[in-house]
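Subject: Structure for you to look at

Dear colleague,

Here is the structure I said I would pass on. My notes on it follow below.

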Amino acid sequence: MASDAGLGADLSSELMDSGTDAFGIGLDHDEPAPDVKQKEMYEDIMGISGTENGGGNEALSKRLISFREWLEKDGSIKIHPSLCLVNGEATDGTKNAPVLVYGPPPGVSTENADSSAGRIGIVDREEDRALYDRTMGCQVRSTKEIKKDDILLTVPRSAMITPDLVAASDAGRAVLACCEPATDDKSHFWSFFENTTISEKKYVDKVGLNNGTQLLVKILQHRKKAETAATKSLNARDESLIKSGNIAGVGKNKVSLSYKLAPRGIISTRAPILAFLIHQRFSDTVRPPVVGGTAEIRDEMDDCRNGGSTAIRIKPHPDWPLTFGPYARILPSTVPIPLCWKRNELALLAGCVPGIMPLQEVAGMTLQLASEFVSLVDAGILHRFPSVFPRGLITWERWVWAASVYSSRVLPASCYFDRVDDNKEYQTPNDPEIFQSNSDVWNELGVMIPFLDMLNHETDAAQVTWQPALVPKANSKSESNNSKEQEHPPRAICHKRVKKGSQLYCSYGSNNNQILILQYGFGLINNASDEVRVGWGLTDAVGNVKPPDDYMSPFFDDEAGDCNGENITKDSGKTQGIVGKIILVCDSAEAVEVNNWWTKSRLEILDREALLSESILSMLGAGKKMISAAYHDVRYHPALLSAAVVATIEADRVEKLTSRKKVENTNVEPNISITKSHQKALRRYLAFFFARKMEKMLQSLNNGLKGHFEGLDLWTKASNGGLAYSSTQDSGSKQGWNKFFEEKAYFASVEAEKHYFTLSPESCVLALYDGHLRALQASIDGLVDDKKFENVISQLEEIGYKILENDDLPPEEAVIKEENVTKKEESTDPVETESTEKIADGVNGKIKEKSKSKRSRRNRKRSNGAAAAAAAAANDDRPPAIKLHIGNLAYCTLASDLFEYFAATYGRENVLECHIPTERESGRSRGFGFVTMTEGASRQALQPGKKNEVH
């Protein structure tokens, strides 16, 4: 998608320069320049060749007009007549298109951008970049009112940038020719490249143990390495040409330099796409061809035995546009994702613990891009293909630019696939000529859809929905088709009315700020999808120990932090950690205390209740932590809740719980009852746990941000309001996080549709940290507030615990009161967080395995013990089942949506139950669900790298 944040414009303010210096295009001034004409040609095409009034609104308007013509004539894309493209005073020529006059970019830096110390991935002139600095891209607006259900855009598949198109292009074939040949002649184009996600992960793993400073140094070093490799290659090329007297470097006397082909799998699948975008954007011809097909190009590709000469050719489709140049030339001059940030901007992440994980992602992507760029340079991409890549066309800056553009605009392949009837089943198109690459490549790389990718992001105000092509089911006649929808090509529709002059939005999905910032270059203040990873280990929950001396309870009622405000006291002399029947559970690093509390019996209960795999349990026993998450909406990770329940069980109950008999004719354990005192102990412990996490994070931020914000002195306790702390005379200069954030982050943000989007790196990083802190604060508030704690009780009931109103344990506690499955299974790392996949309609799911056979209490159906036992006996022939936890669901997702997706993917006979918990009062979804499937289907869904996208 476009990396625009859905930003509104100030119609009354004046257009001002950004204050940044122009970054040179083409050749550097200190390099030999035999191909000056190429640079001038590109600047002429872009309209930025003049020293005065070059670029800016006038030049962009001309390019937008050319792009609009290309959409209709070359791409055969049908656009609603009331849609127009606008950026500042630049428009696409549509009648009555609004002119937007902007003020200065919020939070813009006035420092020069140079080499590795500054921003990278920047192209074109300052005046052109200033246009994009204000909106991070063009806006799509309406010139007239648009009605609900109007078709806004119809895009034939041939107009999309797809893996097939890239593989058949001259640029893609040039990259392939930089690879070593295959041992046979039956290898497919993409088999020479490594999956980009896997490739980046290898580099992330390499830097996994590095601290912030080390990560920053590696990023800068690899940037410099890539620049140096390109400079050396160009210098060697120029020297060779000067000696040969062939300055153009083409023909029989073209440059002849040694090169080393890249081994198979060294270059990522993303590289051909980046080369394609660079070729279409920076070519010295007005309409750079996708497939040139000239004898000269064929000679350059076949200058030796290489990947291109041994791979099966992708056949060009006759309906593909001859060029994508007009589209590539309206893409932003810069996309400010962290990959492109300068050193002091990256330092905002390097200095704070919560910034390490996103910085690792930046480092992994930088190292991967730089390494493959150097490999391509060594393979001769800068001099072997002068007809496709003349001197200076490919640079490190442009390579990063292409990566940032691709990251911010790619759409999932499901946008290209067929949708069968009016259900949500997808299939690949039947035409083999437009679907030649294998499905794994399509799912990995996705597609780029011109015009659609210019829509800005909005979660609540989005009016645009993308609909893939709708086709009838195989072997069904259209006249007998009962579908509610008619067959149609890929299109975008308006699902709500749009007023005249309004901006049109689509949703990029319910993504947290880390994903938005890393992929699109903007953040969202008060992002409802924000969450923070938290580690939990045995040392975090030890009973019968004192709280730390510096701990200040977030409860307002009393020092002991009782849940209900009861005046519970402690022995100030020899505190044993027990207040009445309520266990005080805190953290402890003392081995004796940890071992005394976490006995073998308690660990067995933990294993059973939290559904831990053997590897996770061993890891906890070795003193390491399992990873769960804190959310902003008073949800608690099921594994963390279960671990906290086990940690707060009274010692005399532990042996009894482990010695209970299983229900007759079943292999399941009975439910654990949580008494009133146990609830209080659990409530106090979870508040302690999240408070300590928040305090440590605030301390890290206070120390890490002092070098960027003079005089910073944050309140770092969860008490006295926590983040909302307000300073008093007694506390001196301490400042609450909320006040600090409002002063610094909102200054560099823009309001749109009642949301605030952060643009500058500084405000983006603060929004990232704020999302983490708010998730922890919300977790604390959900425990301190009596009414909100009812949601916790509801979640405990949801995952199967029996909640009691007093401290009297029922004699029938060991009796199962629900239907059970028959086989005991272990989950596969159920508490590890997974990456969120970007999908067309913004609904996605993170799957965690919940073994229903291991703990049948997860079943929602309640009955008496006799009925449950009878049901269990009757279901002895039921196949072994596993319950999957589905996280990060959109709040509009229904249980029927889950069923339809999993039934279509894994077979209806394998889906046994689907359930989405809701809030007790509002009935609103809690954003997660459970799907019970047969063991085989569940294992298939949990395979590494398996993508599950719930549409």
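Arg 281 and Asp 124 are both buried (buried means under 20% relative accessible area, exposed over 50%, partly exposed in between, with a 1.4 Å probe and protein chains only). This is a predicted model, in which local features need pLDDT of at least 70 and side-chain atom pairs count only at pLDDT 80 or more, while totals for chains, interfaces and linings use all residues. Residues are numbered from 1 along each chain as its sequence is written, and side-chain values use heavy atoms, with hydrogens and water left out.

Salt bridges

Arg 281 and Asp 124 form a salt bridge, with 2.4 Å between the closest N and O atoms (a side-chain nitrogen of Lys or Arg within 4 Å of a carboxyl oxygen of Asp or Glu). Arg 281 belongs to helix 8 (residues 271-282) and Asp 124 to the loop between strand 3 and helix 3 (126-135), so the pair ties together parts that are 157 residues apart in sequence. Helices (H or I, at least four residues) and strands (E, at least two) are DSSP runs, numbered from the N terminus.

The structure holds 24 salt bridges. Another of them joins Asp 550 to Lys 717, with the closest N and O atoms 3.8 Å apart. Asp 550 is in the loop between strand 15 (542-543) and strand 16 (578-579), and Lys 717 is in the loop between helix 22 (676-704) and helix 23 (737-744), 167 residues apart. Asp 550 counts as partly exposed because its relative accessibility is 37%; Lys 717, at 13%, counts as buried. Salt bridges with shared partners connect Asp 550, Arg 692, Glu 695 and Lys 717 in one network.

Aromatic rings

There are 31 aromatic pairs in the whole structure (rings of Phe, Tyr and Trp, the last by its six-membered ring, with centres within 6.5 Å; planes under 30 degrees apart are stacked, over 60 edge-to-face, the rest tilted). Phe 741 and Tyr 746 have ring centres 5.9 Å apart and planes at 75 degrees, so this pair is edge-to-face. Phe 741 is buried at 4% relative accessibility, whereas Tyr 746 is partly exposed at 28%. Both belong to a cluster linked by ring pairs, which also includes Phe 709, Trp 737, Phe 740 and Tyr 756.

The charged end of Arg 602 sits over the ring of Trp 597, 3.9 Å from its centre (the criterion is NZ of Lys or CZ of Arg within 6 Å of the ring centre and within 35 degrees of the ring normal). Arg 384 lies over the face of Tyr 259, 4.3 Å from the ring centre.

Regards
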